[in-house]
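Let's walk through this one together, starting with a contact and working out to the whole chain. Keep the viewer open as you read.

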Amino acid sequence: TVVDIVLRQLLASTGRLGDMPQPGKLRLALVAIGGYGRGELSPHSDVDLMFLHENGSSQEASAALGVMVEKILYMLWDVGFKVGHSTRSVSEAIEQANVDMLSKTSLLEARLVAGDEELFGRFEKRFLKECVAGHEGEYIRQRVADQSDRHAKHGRTVYMQEPNIKNGCGGLRDYQNLMWISFFKEGVRSTAELVERKLLNETERRQLDRAYD
C-alpha cells in the first residue's frame with residue numbers, strides 16, 4: 001500500500017540521518033498490526049504500528065532506537081496520520097499478547113512492513129508456539145464473550161434501522177471474529193481454506209465473501 005511505501009522510506013531515511021546516534025547492533029522491525037496488518041486501512045483510520053526490537057540491546061543501541069522511533073512518529077504526525085504505536089522486544093510482545101485478548105488479536109495479524117526479517121520471523125514462531133498453541137479454548141471463549149457483549153450493546157438482530165456496520169450483529173467484526181476463531185481452532189486464514197476443511201460449502205463461501213465486500 002501507499003502507507004507501506006511511506007513507512008519504508010521513513011525507516012530508510014531516518015537510518016541515514018547524520019545526527020543519529022550510532023546504532024551499533026540495533027535490530028528493528030517495523031510491523032503493521034490490527035486493521036493495518038490485515039491490509040484493511042480505511043480513510044482516517046489509525047495506522048497501528050509496533051516497533052519490534054531485540055532484547056538486551058546495548059545502551060547505545062537503545063538510544064538509537066528511541067531517536068529513530070521518535071523521528072518516524074513525528075514525521076507521520078506532521079503529515080496528518082493518526083498513529084497507534086508500541087515499542088516492544090519479542091519477549092515483551094509475547095507477554096502482552098498473553099495478558100490481553102485484544103493485543104493477541106492485533107498481533108495475530110502482524111505483518112512486516114520494513115526492517116529486520118529474521119527478527120520478525122522469530123516473533124512469528126514464538127507467537128504461534130507461546131500465544132496460540134495451548135491457548136485455543138481460552139481465546140475462543142473470550143472471543144465468543146466479546147461477540148455477545150457487542151451484540152447486546154448494538155442490538156441482537158440484523159434488522160436494525162441504523163445498524164452499526166462494524167460492531168453490530170452480522171457486521172464486519174462478526175466476520176473477523178469467525179476468521180480469528182477459525183485460525184485458533186483449525187489453523188486456517190481464509191474462507192477458501194474453510195471450504196477445504198468442509199466447514200463451509202462453496203455457496204456459503206461466496207455469500208460470506210460477497211457480504212464482507
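Which ring does the charged end of R111 sit over? That would be Y36, with the charge 5.2 Å from the ring centre. The rule here is that NZ of Lys or CZ of Arg lies within 6 Å of the ring centre and within 35 degrees of the ring normal. R189 does something of this kind with F183, lying over the ring face at 4.1 Å from the centre.

Some housekeeping before going on. This is a predicted model, so local features need pLDDT of at least 70 and side-chain atom pairs count only at pLDDT 80 or more, while totals for chains, interfaces and linings use all residues. Residues are numbered from 1 along each chain as its sequence is written, and side-chain values use heavy atoms, with hydrogens and water left out.

Now zoom out. The protein chain has 10 helices and 4 strands, taken as DSSP runs numbered from the N terminus (helices are H or I with at least four residues, strands E with at least two). Along the sequence they come in the order α-β-α-β-α-β-α-α-β-α-α-α-α-α. The C-alpha trace spans about 60 × 40 × 30 Å along its principal axes. Of the 213 residues, 39% count as buried; buried is under 20% relative accessible area, exposed is over 50%, and partly exposed is in between, using a 1.4 Å probe and protein chains only.

Back to the rings. There are 6 aromatic pairs, where rings of Phe, Tyr and Trp (its six-membered ring) pair if their centres lie within 6.5 Å; planes under 30 degrees apart are stacked, over 60 edge-to-face, and the rest tilted. Y74 and W77 make an edge-to-face pair, 5.6 Å centre to centre with 65° between the planes. These two are 3 residues apart in helix α3 (residues 59-78), so about one helical turn separates them. Y74 is partly exposed at 44%, and W77 is partly exposed too, at 39%. For F183 and F184, the centres are 6.1 Å apart and the planes stand at 80°, so this pair is edge-to-face as well. F120, F123 and F127 form one aromatic cluster.

On to the pockets. A pocket is an open set of points on a 1 Å grid over the protein atoms alone, where a 1.4 Å probe fits and protein lies on both sides within 12 Å along at least five of seven lines; lining residues have an atom within 4 Å of a point. The largest pocket holds about 600 Å³, a volume being the space filled by probe spheres set on the points, which are joined across faces, edges and corners. It has 24 lining residues, and G35, R38, K166, R173 and Q176 are the closest to its centre. Helices α2 (34-38), α5 (101-108), α7 (136-154) and α8 (172-186) each give two or more residues to that lining.

The second largest pocket has a volume of about 450 Å³. R38 turns up here too, among the residues nearest the centre together with L108, E109, A110 and R189. α8 gives the most to this lining, with 5 residues.
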